[in-house]
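This report reads a single chain from its overall make-up down to individual side chains. The model is shown first, and the description follows.

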Amino acid sequence: MLVPDYVEGTFQMSTPSRADAVRNRQLALDAATALLAEPDAALTVEAIAKKAGLGAGTVVRAFGGKEALLDAAVAGLLRPVVARARELAADDRPDRALRTFLGELMTFQAAHHAAGDNLRGLAAPETTALRGELVATVETMLTGAQQAGRVRADIPLGTLTAVIGEAAYAVARSGAADHINAFLTVLLDGLKPST
């Protein structure tokens, strides 16, 4: 957008500075991230702009559109989750790592379940890639736990991952944080090999 500047007795048109563009991008990203943590928050460009103290046009220019902004916001939330999963996957007790990670994941999902709801049907390549990494890391934990004889091997890995993911997401969305430990106990007891 061209902005009139007064320079030495004349007006000239200039573009916003790079520093302003970077600041506006960060303000929009912070606002979108904050709204993702608010249940029932409307994640419209207008709501994000209002929370950021920017105009809607500025938010769109900063990211090229709502999809790219939400992708960046959710990816920013997921990066530390993926890093934590990788860290736990290196534990020499994969069943313990799995329990710890699933508890942390459900706590994260309970706080940010709006993220998944708002990305449905949108192009979100960065978030999709991170989710893929997360699934692969959980599968690594499950495989390790199977090899250690702590998780049953008679259910295909993809099915196990899907069941765990869907059930964990449902518990997280219930909003009952005190159910997480009970869920993990029941789930992991059900995953133990039959004797």
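Among contacts in the chain between residues at least 6 apart in sequence, what percentage join residues at least 24 apart? In this predicted model, the share of such contacts that join residues at least 24 apart is 61%. The chain holds eight helices and two strands, and when it is read along the sequence these elements follow the pattern β-β-α-α-α-α-α-α-α-α. Of the 195 residues of the chain, 38% count as buried.

| Helix pair | Residues | Angle | Axes apart |
|---|---|---|---|
| Helix 1 and helix 2 | 18-36 and 45-52 | about 110 degrees | 8 Å |
| Helix 7 and helix 8 | 157-173 and 179-191 | about 160 degrees | 11 Å |

Helix 1 and helix 2 pack at an angle of about 110 degrees, and because angles of 65 to 115 degrees count as roughly perpendicular, the two helices are roughly perpendicular to each other. Helix 1 passes helix 2 in a right-handed crossing, and the contact is built from Leu27, Ala28, Ala31, Ala32, Ala34 and Leu35 on the side of helix 1, together with Ala47, Ile48, Lys51 and Ala52 on the side of helix 2. Sorted by class, the residues of this contact are nine nonpolar, no polar and one charged.

For helix 7 and helix 8 the angle is about 160 degrees, and since angles over 145 degrees count as roughly antiparallel, these two helices are roughly antiparallel to each other. The crossing of helix 7 and helix 8 is right-handed. In the contact, Leu160, Ile164, Ala167, Ala168 and Val171 of helix 7 meet His179, Ile180, Phe183, Leu187 and Leu191 of helix 8, and the residues involved divide into nine nonpolar, one polar and no charged.

**Individual residues**

Threonine 161 has its place in helix 7. Is threonine 161 buried or exposed? Its relative accessibility is 11%, so threonine 161 counts as buried. The side chain of threonine 161 is joined to that of glutamate 139 by a polar contact of 3.5 Å, and, leaving aside neighbours within four places in sequence, threonine 161 is in contact with Val135, Glu139 and Leu142.

Valine 81, which lies in helix 4 (residues 66-89), counts as buried because its relative accessibility is 11%. Once its neighbours within four places in sequence are set aside, valine 81 is in contact with Phe101, Leu105, Phe108 and Leu134.

Arginine 96 is found in helix 5 (residues 94-119), and with a relative accessible area of 41% it is partly exposed. The side chain of arginine 96 makes a polar contact of 2.9 Å with the side chain of aspartate 91. Arginine 96 and alanine 145 are 49 residues apart along the chain, with 8.7 Å separating their C-alpha atoms.

Notes
Residues numbered from 1 in each chain as written. Predicted model: local features only at pLDDT ≥ 70, side-chain atom pairs only at ≥ 80, totals over all residues. Heavy atoms only, no water. Axes fitted to C-alpha atoms, helices over the stretch in contact; angles between N-to-C directions. Helix = DSSP H or I, 4+ residues; strand = E, 2+ residues; numbered from the N terminus. Parallel < 35°, antiparallel > 145°, perpendicular 65-115°, else oblique. Left-handed = near helix turned anticlockwise from the far one by under 90°. Contact = heavy atoms within 4.5 Å. Nonpolar A, V, L, I, M, F, W, Y, C, P; charged D, E, K, R; others polar. Buried < 20%, exposed > 50% of the residue type's maximum accessible area, 1.4 Å probe, protein only. Polar contact = N/O pair within 3.5 Å; in protein donor to acceptor, adjacent residues only side chain to side chain.
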